[in-house]
Amino acid sequence: MMDRAAAFTLLCEFTQSESLRRHGMAVETCLIAYARHFGEEEAPWALTGLLHDFDWEIHPQLPDHPRKGQAILAERGVDEVVRRAILSHAGFEDVPRLTRLEHALFACDELTGFLTAVSYVKPSRSIHEVDVLGVRKKMKDKAFARAVNRDDIVNGAAELGVALDEHIGFCLRAMQADAARLGIQGSAGAGKESACTTDSYEGILRKDLRSSTDSLGGFGRFAGRATGSSCVRCPGRN
Ligand SMILES: [Fe+2]
Ligand SMILES: [Fe+2]
């Protein structure tokens, strides 16, 4: 299995946008939490989350993303189970989601972007201010983060076999526990932290909540993505 440092280097080689790197990291965080919850091996779940959109900048449309990225991942030695999971998140008819990992990736992908977008409209721009009820309300607000497909969030939870509120709460807690690394700690944080961490899988969620950046330059771009006309996951669909 490719180690975390190599995977992050691969992500950064093809993804210059810090907000898109952080999107991969947020999905990674949620998938690690779900791997633990389900008693699954963490490394392939973490890798799948981190790398699922690694080729989005070079292949900004379906089906090139994520199909053309597959050859790169194979050449770099990424396991088949991870590659198939990544391929399955696009909804191609010939690659249905079959495994729990594949369902979990789909379930977490849009939701992480939505939770990040909700945190940005809080006074402190902090994920710690976000709660499940508020998320459900924002999901009904069609003008908010229009690019995030609500059906994908609802269907993703159902596919995974987790009640929607439980799923939202689960991902919220995972992201809150990792807020500094994900740059969503808001004004409670101080100082600066780069997304370019090469932590081991094991260290990611256990790390102390170090102070996080307030500059929000990169996150503002993500907010624009989340509320604008293109979708992080599969921009070609919008
Ligand atoms: Fe995608
Ligand atoms: Fe994504």
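Residues are numbered from 1 along each chain as its sequence is written, while chains are lettered from A and ligands numbered from 1 in the order in which they are written. In this predicted model, local features need pLDDT of at least 70, side-chain atom pairs count only at pLDDT 80 or more, and totals for chains, interfaces and linings use all residues.

**Confidence**

The chain has a mean pLDDT of 84, and 79% of its residues reach 70 or more. Here pLDDT is the predictor's confidence in each residue, from 0 to 100. Over residues 190–198 the pLDDT falls below 50, and this stretch has 20 contacts in the model beyond near neighbours in sequence. A contact is a pair of residues whose C-beta atoms, placed from the backbone, lie within 7 Å. Residues 205–238 also have pLDDT below 50, with 81 contacts beyond near neighbours in sequence. Where pLDDT is low, the predicted coordinates should not be read in detail.

**Core**

The largest nonpolar core holds 57 residues. Such a core is a set of buried Ala, Val, Leu, Ile, Met, Phe, Trp, Tyr and Cys residues joined through C-beta atoms within 7 Å. Buried means that 20 or more other C-beta atoms lie within 10 Å of the residue's own; exposed means 12 or fewer, and partly exposed is in between, with C-beta atoms placed from the backbone. Cys30, Leu31, Leu51, Cys108, Leu115, Cys171 and Met175 touch the most other members. Helices that each supply at least two core residues include H1 (4–14), H2 (18–38), H3 (42–51) and H7 (100–120). Helices (H or I, at least four residues) and strands (E, at least two) are DSSP runs, numbered from the N terminus. H7 gives the largest share, 12 residues.

Leu51 touches Ala7, Leu10, Leu11, Gly24, Leu73, Val78 and Ile86, leaving out residues up to four places away in sequence. In H1, the buried residues include Arg4, Ala7, Phe8, Leu10 and Leu11. They lie on the same side of H1 because they cover an arc of only 155° around the axis, taken from the directions from the helix axis to the C-beta atoms. Ala5 and Glu13, on the other side of H1, are exposed.

**Helix packing**

H7 and H9 pack at about 145°, with axes 8 Å apart. Axes are lines fitted to C-alpha atoms, for helices over the stretch in contact, and angles run from 0 to 180 degrees between N-to-C directions. On the H7 side, the residues that meet H9 include His103, Phe106, Glu110 and Phe114. Their partners in H9 include Asp152, Ile153, Gly156 and Leu160.

Ala179 is found in helix H11 and is buried, with 20 C-beta neighbours inside 10 Å. Ala179 and Ala26 are 153 residues apart in sequence, yet 9.1 Å apart in space, C-alpha to C-alpha.

**Backbone geometry**

Most residues other than glycine have a negative phi, and most peptide bonds are trans. The exceptions below stand out.

| Site | Backbone value |
|---|---|
| Leu62 to Pro63 | cis, omega near -5° |
| His65 to Pro66 | cis, omega near 0° |
| Arg125 | phi near 55° |
| Ala145 | phi about 45° |

Pro63 sits in the loop between H3 and helix H4 (64–67), whereas Pro66 lies in helix H4. Arg125 is in the loop between H7 and helix H8 (132–140). Arg125 is buried, with 21 other C-beta atoms within 10 Å. Ala145 occupies the loop between H8 and H9. Ala145 also counts as buried, with 23 C-beta neighbours inside 10 Å.

Note on methods:
Two residues are in contact if their C-beta atoms, placed from the backbone, lie within 7 Å.
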